[in-house]
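Please view the sequence and the structure together before reading on.

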Amino acid sequence: MRTTLLLGVLGAALAACGGGVVGGGAGPGAGPGEPHDVASVRLFDSTGGELTFHIPLFDSVPLRVVVRMYAANGRHLTSVTGGQDMQFTFTPTGLASSTPVTGQPLARDILSVAAPGTGGTLDVTLSFPADTSTKTFRGFEVLVH
């Protein structure tokens with residue numbers, strides 16, 4: 001009985017959010033937007049697994065992190081006019097390093113440089129040349145395993 005109730009509640013929650021959460025891919029209405037439309041970001045690995053709430057890093061194993069931009073209404077923005085530049089900042093600074101991925105402006109390869117058990121956060125900064133604005137999304141949880 002509890003399982004049925006839990007599944008019903010989960011289904012209602014997903015419906016209220018506008019659909020499934022697996023992979024956060026381009027759903028209905030996904031498409032380009034303007035820099036001012038970007039209200040949030042979500043993080044994914046290279047297979048589409050969501051990392052927004054926890055980024056697990058493993059000693060000496062690179063992790064590709066793909067950033068997806070979203071409008072305030074939840075619409076996935078596949079691009080923005082004029083493009084964007086992206087930077088990752090880790091706290092503490094010695095937690096990890098990141099390098100851009102050639103041909104993928106919203107992807108970076110992350111490599112842990114801290115000891116297993118070290119935790120911290122990742123901030124994602126997007127800069128938009130079209131209007132010279134910058135938006136920073138803070139506090140994505142990182143843990144070195």
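The protein contains 1 helix and 10 strands. Along the sequence these elements follow the pattern α-β-β-β-β-β-β-β-β-β-β. The model is predicted.

**Overall figures**

- The protein has 145 residues, and 34% of them are buried.
- The accessible surface amounts to about 8000 Å², and carbon and sulfur atoms hold 61% of that area.

**Open sheet**

- An open sheet is built from 4 strands in the order E3-E10-E9-E6, with mixed pairing.
- E3 and E6 are the edge strands of this sheet, each of them pairing on one side only.
- On average, and with direction ignored, neighbouring strands in the sheet are turned by 30 degrees against each other.
- The pairing of E3 with E10 is parallel and comprises 3 bridges.
- Isoleucine 55 has valine 142 of E10 opposite it.

- Strand E7 spans residues 96-101 and runs antiparallel to E8, with 6 bridges joining the two.
- Within this antiparallel arrangement, serine 97 lies opposite leucine 111 of E8.
- The hairpin has 2 residues between the strands, and glycine 103 adopts a positive phi near 80 degrees there.

**Nonpolar core**

- The largest nonpolar core has 29 residues. The members that touch the most other members are Leu43, Ile55, Met69, Phe88, Leu122, Val124 and Leu126.
- Eight stretches of strand each give two or more residues to this core: E2 (40-44), E3 (55-57), E4 (63-70), E5 (76-80), E6 (85-91), E8 (104-112), E9 (119-128) and E10 (133-144).
- The sheet strands E3, E10, E9 and E6 are among these contributors.

**Surroundings of leucine 43**

- Which residues does leucine 43 touch, not counting residues up to four places away in sequence? They are Gly49, Glu50, Leu51, Thr52, Ile55, Val65, Val66, Val67, Leu122, Val124 and Phe140.

Notes: Residues are numbered from 1 along each chain as its sequence is written. This is a predicted model: local features need pLDDT of at least 70, side-chain atom pairs count only at pLDDT 80 or more; totals for chains, interfaces and linings use all residues. Side-chain values use heavy atoms; hydrogens and water are left out. A nonpolar core is a set of buried Ala, Val, Leu, Ile, Met, Phe, Trp, Tyr and Cys residues joined through side-chain atoms within 4.5 Å. Buried means under 20% relative accessible area, exposed over 50%, partly exposed in between (1.4 Å probe, protein chains only). Contact means heavy atoms within 4.5 Å. Accessible areas come from the Shrake-Rupley method with a 1.4 Å probe; for residues, only the protein chains shown count as cover. Two strands pair if DSSP finds at least two bridges between them. Axes are lines fitted to C-alpha atoms, for helices over the stretch in contact, and angles run from 0 to 180 degrees between N-to-C directions.
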